[in-house]
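Hello,

Here is the structure I promised you. Please open it first, then read my notes below.

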Amino acid sequence: MKIIEVLSYEEMSTKAANFIIQQINQDPSSVLGLATGETTLGLYKKLVQDHYLNNTSYQNIRTLNLDEYVGLAENDPQSYRTYMNNQLFNHVDLPIQQTHLPDGMAKNLVEECLRYDELIYNIGGADIQLLGIGQNGHIGFNEPGTSFQSNTHVVELMDSTRKANARYFSSINDVPTHAITMGIQSIFNSKKILLLASGHKKANAIERLLNGKVNEDLPVSILKNHEDITLIADREALSLTKKNDGIYSTY
Ligand code: F6R
């Protein structure tokens, strides 16, 4: 695992944006695996700025998002589709039909999970998968205990995850109880992984990732077995991880 320590959220976002832009420049028809949440907001802003300043083109890019809430319509202000449209898709030259998220309003959720897996398979998986990390070590909405072999599935969100996400809703009761998430197996199959972490709230999960064992109790830990993973983390997120001469204790 390559670990890049940065000073701030701002620097993390700049470095992550450069990483994605480099991927697009190398292969303008890349498949980008995308995430939502607070961690990726700064990065998307920088991608939009870069699109205006440098004309980086998304014409041939295809995207696969990690997850979507169950029961929120596409145009619901809190849906991940709305987040992606507002933060990135509406501001770059990416044809909307080349963007993909699970459909949280599907009548048959089991069929929707199969459809999404088939889509991932047909597209050939992500060339680069962008990930945030939950305070409990989740990736996508794969909560602790999820099988490393999992495909797209419906999850019941843990109370801690619903609480962490309640800031976007008027009350915790409005936070959906379920979501559809890409499985850990599909995330792991991505050619490259870019994992981002910022702030003290992520320090415990990052410490467990870097110093602990690969274990289904910490979904993100499987990524230690991935051959092309970069973690960009700020000092606060790395604050519980011991460092020796610039090399993190187990790396
Ligand atoms: C979002 C996602 C989640 C978030 C994680 C961190 O699509 O899959 O795993 O990346 O919950 O969320 P933030 O960035 O809000 O701290």
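Which residues of α3 are buried? They are Tyr-80, Arg-81, Thr-82, Tyr-83, Met-84 and Asn-85. Buried means under 20% relative accessible area (1.4 Å probe, protein chains only).

A word on the source. This is a predicted model: local features need pLDDT of at least 70, side-chain atom pairs count only at pLDDT 80 or more, and totals for chains, interfaces and linings use all residues. Residues are numbered from 1 along each chain as its sequence is written, and side-chain values use heavy atoms, without hydrogens and water.

Back to the helix. α3 spans residues 80-87, and six of its eight residues are buried. Helices (H or I, at least four residues) and strands (E, at least two) are DSSP runs, numbered from the N terminus. The buried residues of α3 pack against several elements, including α2 (41-54) and β4. Contact here means heavy atoms within 4.5 Å.

Next, the pocket. A pocket is an open set of points on a 1 Å grid over the protein atoms alone, where a 1.4 Å probe fits, with protein on both sides within 12 Å along at least five of seven lines; lining residues have an atom within 4 Å of a point. The largest pocket is lined by 40 residues. Among those nearest its centre are Thr-36 and Arg-167. α3 gives the largest share of this lining, five residues.

Last, the sheet. Three strands form an open sheet in the order β4-β8-β7, with antiparallel pairing. Strands pair if DSSP finds at least two bridges between them. β4 (67-69) and β7 (153-156) are the edge strands. Glu-68 has Ile-180 in β8 as its bridge partner.

Best wishes

Conventions
Buried means under 20% relative accessible area, exposed over 50%, partly exposed in between (1.4 Å probe, protein chains only).
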